[in-house]
Amino acid sequence: MTRHFAKSLGLAVLLLTPSHAALAADDTTSLVERGEYLAKAGDCAACHRTPQDAGQPYAGGYVIHSPMGEIVASNITPSISEGIGAYSEQDFAQVLTQGVRPDGSHLYPAMPYTAYRGLKEEDIHALYTYFMQGVEPVDAAVPETNLSFPFNLRFSMAGWNLLFLKDPYTPDPSHDAEVDRGHYLVDTLGHCSSCHTPRNVLMGEQQDRYLAGASIEGWHAPNITSDASGIGSWSEEELVTYLQSGHVAGRAQAGGGMAEAIEHSLRHLSEEDLRSMAAYLKQVPPIETGKPVDVGQRIVQSETLDLATLEPPLNVDPDVMSQGGSLNGQLIYQGACASCHQIDGQGTDDNFYPSLVHNTATQGENPDNLVMAILEGVHRKTNEYTVSMPAFHHELNDEQVAVVSNYVLSQFGNPELSVDAAHVGELRRGGETPWLVKAMPWLLTAGGVMALVVVVAIVVMWRRRKARR
Ligand code: HEC
Ligand code: HEC
Ligand code: HEC
């Protein structure tokens, strides 16, 4: 009897062991897969790519043009010598959620640890498993980041963290499961607020202006709160379509940093996750930033927009810009834009070349995305096709960009807006310089930095004392 039992036990062990091993392997595979999905949701690849985007995912070297200077994204492949191969899971969690490397040095918040701080432990575990087991190690060093004084003092980020490192996501009991999932994705992995929330003089996000719109590398990341001046008039369906493809016919397209977020991250997310993000955005407390953006209302205007009311087409030589340096907005429009967006600005029937009439880039309260689209073009891969509008920064000077923008705004867009050459020049250089950077020479001569360090030290001591109590 016992022998029989032992025998069957032995048999059971024999039968169980291989399947258990398979089960464990399956667990790891699914953990790696989950980690890979989360890395996509976190947009890690958009920054941690190589400069030419030449294969080698996560090998870093890509340069981020921050207002403080050029910051190089690290190699985060599991290379022991050049990447994060020697990181323990705890090291990884600390870098991701506090911006502190295992050697104690601080990261610049160009790495969105302020958002990743809200990550759930199980998600950090899956991400770690993916980076260690699912990513090819690349033993190539990236260049050092060398910001000018005083921004080169990495420890000063400790003071900055004390002021601005807050928990980005705390579950709100009034949210149902779908909205809660959207809240989590938007505020942690999606780090939407790092572009869409304006910053204060010390470059911290203004919590009371959450998602109310901000400038980023010359582009304007619009108000995406539920106000009518934000995405109030968008349906959830339209938001999902936008996040998935960057294109909602008759409404908006994604250029600049948003195009990158879609190409590297959002288009890879499940429909369910995108839907939950849309559901969350639709109930973010409204912040009014201007008149309602209602491209639908303008459809009426555009239907009365008749070719006869436009100035007659000029006899344009396609090379007109390089020839004459013309300052006639209509001439430049017809030479440089009309072949795609059409003479009447209505785009093509399938909206592949979008209408400039029904368009948040020309109908909003801010002309910057029109100017940036002309300067840099629009480039984006979606799941179905590749979008490409050419960049005109070599062909058109600041004044020419201003006149063609003003032509588009007055004929097709919000006629209350206009731009001048000086503004185009500023956007060409990456947008307005933040106060902190502009003021630094004066602060330095006035010993302001010393004062800043002292203030930070006082804050640190005060916080510690408060924590001890
Ligand atoms: C918006 C750009 C951006 C995104 C998105 C981003 N990172 Fe980073 N990351 C950076 C930059 C820049 C640095 C280097 C910062 C510095 O030198 O202070 C960095 C540093 C790191 C480091 C530290 C490596 C080291 O020791 O130098 C790790 C680990 C890391 N990132 C992981 C991730 C992961 C995982 C994700 C996705 C969940 C991610 N990053 C998303 C920009 C980004
Ligand atoms: C790297 C910066 C960046 C990040 C990160 C980012 N956005 Fe954007 N977003 C932009 C910019 C710039 C635009 C304007 C694009 C254009 O019109 O060409 C934009 C446009 C949008 C629009 C269209 C608004 C309109 O009125 O046309 C929506 C909706 C949006 N973003 C949602 C999100 C969500 C949700 C996230 C987080 C998952 C996010 N964005 C993350 C920069 C960013
Ligand atoms: C070769 C065709 C082509 C030409 C020429 C062209 N565009 Fe575009 N334009 C596009 C495409 C494609 C898009 C993006 C569509 C998408 O995102 O789905 C676009 C997008 C835009 C947008 C929306 C940008 C945004 O970020 O929301 C504006 C504004 C615009 N173009 C204006 C212009 C102006 C002004 C000119 C002339 C100086 C011009 N385009 C020339 C093809 C073109």
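1. Some ground rules before going on. This is a predicted model, in which local features need pLDDT of at least 70 and side-chain atom pairs count only at pLDDT 80 or more, while totals for chains, interfaces and linings use all residues. Residues are numbered from 1 along each chain as its sequence is written, chains are lettered from A and ligands numbered from 1 in the order in which they are written, and side-chain values use heavy atoms, leaving out hydrogens and water.

2. Now to the iron atom of ligand 2. Its protein donors are His196 (NE2) and Met258 (SD), at 2.1 to 2.2 Å; donors are N, O and S atoms within 2.8 Å of the metal (3.2 Å for Na, K and Ca), and sites may look incomplete since water is not among the atoms. Histidine 196 belongs to helix H8 (residues 193-196) and methionine 258 to helix H10 (residues 256-264), so the pair ties together parts 62 residues apart in sequence. Helices (H or I, at least four residues) and strands (E, at least two) are DSSP runs, numbered from the N terminus.

3. The 6 donor atoms around this iron atom of ligand 2 subtend angles of 88 to 179°, which makes the arrangement octahedral.

4. What surrounds ligand 2? There are 25 residues around it, the closest being Cys192, Cys195, His196, Gly255 and Met258; a residue is near if one of its heavy atoms lies within 4 Å. An oxygen atom of ligand 2 is 2.8 Å from an N or O atom in the side chain of threonine 360, and a backbone N or O atom of glycine 255 lies 2.8 Å from an oxygen atom of the ligand.

5. Finally, a hairpin to find: E1 and E2 form one with 2 residues between them. The two strands run antiparallel, joined by 4 bridges; pairing requires at least two DSSP bridges.

Terms used:
Four donors count as tetrahedral if all angles lie between 85 and 135 degrees; four count as square planar and six as octahedral if opposite donors are over 155 degrees apart and all others between 65 and 115; anything else is irregular. A polar contact is a pair of N or O atoms within 3.5 Å; within protein, one must be able to donate a hydrogen and the other to accept it, and residues adjacent in sequence count only if both atoms are side-chain atoms.
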